[in-house]
Amino acid sequence: MADSSEILAGLDRDQSIAVTAPAGPLCILAGAGTGKTRAITHRIAHRVRSGQVRAQHVLAVTFTARAAAEMRERLGLLGAAGVQARTFHAAALRQVRYFAPRLFSGRDMPQLLDSKARLVGLAATKAGLKTDREVSRDLASEIEWAKASLIEPDDYAAAARKALREPPFDGALVAKVYAHYERAKRAQGVIDFEDMIRAAIWAVEEHPDVAEQVRAQYRHFVVDEYQDVNPMQQRLLDAWLGERDDLTVVGDASQTIYSFTGASASYLVDFKRRHPAATVVRLTRDYRSTPQVVDLANAVISRARGELSRLRLELVGQRPAGPEPTVRTFADEPEEATAVAARCAELIAAGTPAREIAVLFRVNAQSEVYQEALAEAGIPYVVHGTERFFERAEVREAMIALRSYRGEDTGLIETVHTALDRVGWRPDNPPAGGAQRERWEAVSALVSLAEGMATLTLDEFNTELQRRAAIQHVPTVEGVTLSSLHSAKGLEWDAVFLVGLSEGTLPVIHARTPDAVEEERRLLYVGVTRARHTLWLSHAAARTPGGRMRRQSRFVPSTTPAGVAAATSAGHSAGGYPRRSLDKATVAGRAKRIMAVSCRVCGTGLVNGADRKLGRCSTCPSDLDEDLLARLVDWRARLAAIQKVPAFVVFTDVTLAAIAERRPSRREELAAIAGIGPRKLMLYGDDVIALVRGTSVDALARESD
């Protein structure tokens, strides 16, 4: 067990100042990777071990159960095991349950709702609305925002207008649903999580005996991630404190990315005004990321504007130098995803564990093209914070609509639009509300796939969707992480790919106010600071080959720190300072060249991925070697059984067909077939060449034995 002097050992100067600051209000402004959890746990342990406070009188609150568990573990190792470290919800729930007989006329605490969905649906029906799962989720989100912001139903419409909210319906109608929801809860004798926190506030504010007992128990408070506190949580904290001021808060205004839930960094910004005697300590030494990553993070956030920029921190990297971040532009999203998958394969081959690699994007619907590219490259992956793309309910529903379509075939793109119109999808008309918009974006991703495969029939397109779905349903224990930027907060990896950095995506198209745009900038900053060593930023000039041109995100610095590698999709380094970008004509020409792959039989340009692999139109005569294809299929089946993976993880049917048609006799010819990257060439190249030259599968098996 560490004594007080041991607790101070190993801290840097600023961390030591924070740890040893006198009792009273303390604000720790801690940049990403600067050791904020270390600082606050060591501060608590130092005060406990030096006899300033008793462990059972300390309450530390944070926002996730994972963060609270980590804090408890560290405090235990530091000799302060009696400290309570909980989320706001867990701390409030414990108190309300304990004091329930006094608060609820001798009864236990009412049942706590796990989900608002059912009652919100009933409330919407009473308000005259037809709802589905996504509409109910959006209405529930609006109710949660209002309650977290201490806004009652009668005040919702005006408050939503003032906050520039985009509710799924007119504000007055949402307010009506909100009121019906509150009545439904009371009628059924249940409460939600916001009610539970309100009950904890009410217990202290309105019951002097409860206040006395709570304040006798908890005398010293620590709040982690203070920039994410909402008005309801701040009121609970104020109730706990009473007239006392022994409060430590830690936060980073540059990581404020949850304003849409009601979180407000204003409490962090105004801490010194509310507590004039407060000590303010800034932690700027970054121990997570290389100096190269830190310099880029500083470049991204240096252009922040608005109130929160007053607390911006200039980080100083403490790790040894690493590779320069790479900024790349690609002609389209499939090319971008293929390049990311290839680079992931290189990193894994060089020794980086797959679990230490992450691909981060702004919108969950962006994940599909990366799931496909990683699966095609044989790289395992896990999807963090959301469902796999083809497991989403709206995607399954859209695929059913496409398979069951029996109307006139007017070309793939128009047919897809017509079929999806029947499930409520409309082009260029994203609905308001987070869940509904996410549903629209997911279905739009299917439409984008169709636009990139315009020469297919609907049946062929449906077959391709089924193939992709099958690949993405392969269970994995460990792999590359695919995550939205929001879900990535609080996590870190050795290598991070920040993808899809285009205008309209980051900042997202519905970020229309200056404050909303600044929050999008902070999202990129959060993404950059997730990387320890290797960082890649990229955008595609078009979603599909030959599609509408898009500009790179305004948040990627036009002049980056010296040495940052800026590259085109061809891999030519532009390097230096400032960074060179691709002009529209260059990208358009590159996209045109990508589309210029011609059928070797009829000479027609090939756009569809399967046709491009085969090197011919699907309708042109095939010179496929049937015997070779049979050997390839047999070899693949045996190999898949040994590796205990589905056969398509080795090679897809289309890739085997392309090999059987092209009959490559050298590794260079094999590598020219789309879908055969460096990793698969290394693993299977010799076997495939041997099979092409006539070696039997049995002979190969004997050689491997």
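Start in strand S6 (residues 220-223). Which residue in S7 is the bridge partner of valine 223?

Author: Valine 249 is the partner of valine 223 in S7. First, the ground rules. This is a predicted model, in which local features need pLDDT of at least 70 and side-chain atom pairs count only at pLDDT 80 or more, while totals for chains, interfaces and linings use all residues. Residues are numbered from 1 along each chain as its sequence is written, and side-chain values use heavy atoms, leaving out hydrogens and water.

Helices (DSSP runs of H or I, at least four residues) and strands (E, at least two) are numbered from the N terminus. Two strands pair if DSSP finds at least two bridges between them. S6 and strand S7 (residues 247-251) run parallel, joined by three bridges. Between them the chain passes through helix H12 (residues 231-241), and this β-α-β crossover is right-handed. Right-handed means that, with the strands pointing away from the viewer, the path from the first strand over the helix to the second runs clockwise.

S6 also pairs with strand S2 (residues 58-62), again in the parallel sense, over four bridges. There, alanine 60 has valine 222 of S6 as its bridge partner.

Now the side chains. In a regular strand they alternate between the two faces of the sheet. In S6, His220 and Val222 point one way, Phe221 and Val223 the other. All four are buried, that is, under 20% relative accessible area with a 1.4 Å probe, counting protein chains only; exposed is over 50%, and partly exposed lies in between.

A nonpolar core is a set of buried Ala, Val, Leu, Ile, Met, Phe, Trp, Tyr and Cys residues joined through side-chain atoms within 4.5 Å. The largest one has 49 residues, and Val223, Tyr226 and Trp240 touch the most other members. Helix H5 (residues 88-103) gives the largest share, eight residues. A second, separate core has 35 residues, among them Val294, Leu315, Val496 and Ala511.

Look at tryptophan 240 next. Contact means heavy atoms within 4.5 Å. Beyond its neighbours within four places in sequence, tryptophan 240 contacts residues including Leu59, Phe88, Ala91, Val204 and Phe221.

Glutamine 234 sits in helix H12. Glutamine 234 counts as buried because its relative accessibility is 4%. Outside four places in sequence, glutamine 234 contacts Tyr226, Val229, Tyr267 and Arg274.

Elsewhere, consider strand S15 (residues 493-498). Five of its six residues are buried, so S15 is largely enclosed by the rest of the structure. Strand S12 (residues 357-361) runs parallel to S15, with four bridges. Isoleucine 357 has alanine 495 of S15 as its bridge partner. S15 and S16 also run parallel, joined by five bridges. Tryptophan 493 stands opposite alanine 531 in S16. From S15 the chain crosses through helix H23 (residues 514-528) to S16, in a right-handed β-α-β crossover.

Finally, the whole protein. It has 31 helices and 17 strands. Buried residues make up 56% of its 705 residues. The average pLDDT, the predictor's confidence in each residue from 0 to 100, is 84, and 86% of the residues score at least 70. Residues 568-596 fall below 50, although this stretch has 58 contacts in the model beyond near neighbours in sequence. Where pLDDT is low, the predicted coordinates should not be read in detail.
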